[in-house]
Amino acid sequence: MASPSDRKLTRREREIMDAIFALGDRASAEEIRERLSDPPSYSAVRSMLVRLETKGYLRHFEEGLRYIYTPTRSRASAQRRALENLVRVFFGGSPAQTATALLKRDRWTDEELDSLSREIELARKNMRQK
């Protein structure tokens with residue numbers, strides 16, 4: 001079986017993976033199908049799930065008469081990969097430009113801004129120690 005990082009996902013496969021993460025990292029084919037835009041047939045979803053297993057992105061187990069699909073990578077790993085892709089595609093690989101774009105959003109609570117300030121200070125401290 002290929003490593004997940006070795007095989008790229010199609011738009012629909014990415015949508016399936018997003019649905020599984022949104023459903024708490026475990027879902028049946030029908031639960032996944034219900035979350036897809038312009039949902040294909042149940043059998044088409046099952047075929048895509050088999051393909052995602054072959055590519056190494058999913059595994060399944062039996063729960064009663066249903067297969068339940070779970071990702072082979074943690075949510076944190078998927079978040080890191082998605083964020084790296086976002087930074088590369090939309091911000092020329094610049095984390096600073098990405099953070100600046102996020103900071104320009106209209107509504108921030110004091111708690112959110114305080115949390116961001118703490119994270120920036122922690123990053124500064126970690127950089128000094130290296």
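**Conventions.** I note that this is a predicted model, in which local features need pLDDT of at least 70 and side-chain atom pairs count only at pLDDT 80 or more, while totals for chains, interfaces and linings use all residues. Residues are numbered from 1 along each chain as its sequence is written, and side-chain values use heavy atoms, with hydrogens and water left out.

**Largest pocket.** I looked up pockets on a 1 Å grid over the protein atoms alone, where a pocket is an open set of points that a 1.4 Å probe fits, with protein on both sides within 12 Å along at least five of seven lines, and lining residues have an atom within 4 Å of a point. The largest holds about 580 Å³ of space, the volume being the space filled by probe spheres set on points joined across faces, edges and corners. I find 19 residues in its lining, with Leu9, Arg14, Ala78, Arg81 and Ala82 nearest the centre. Helix α4 gives the most to this lining, 8 residues; helices here are DSSP runs (H or I, at least four residues), as are strands (E, at least two), numbered from the N terminus. By class I record 6 nonpolar, 4 polar and 9 charged residues, where Ala, Val, Leu, Ile, Met, Phe, Trp, Tyr, Cys and Pro count as nonpolar, Asp, Glu, Lys and Arg as charged, and the others, Gly among them, as polar.

**Second largest pocket.** I read about 260 Å³ for this one, and its lining consists of Ala96, Ala99, Leu102, Leu103, Trp108, Leu116, Glu119 and Ile120. Two or more of these residues come from each of α5 (95-103) and α6 (110-129), with α5 giving the largest share, 4 residues. The classes are 7 nonpolar, no polar and 1 charged.

**Positive phi values.** I checked Asp25, in the loop between α1 (11-22) and β1 (27-28), and its phi is near 70°, positive although the residue is not glycine. Asp38, in the loop between α2 (29-35) and α3 (42-55), likewise has a positive phi, near 45°. Asp25 is partly exposed at 24% relative accessible area, whereas Asp38 counts as exposed at 68%; buried means under 20%, exposed over 50%, and partly exposed in between, with a 1.4 Å probe and protein chains only.

**Helix α4.** I return to this helix, residues 75-90, for Val89, which is partly exposed at 47% relative accessible area.
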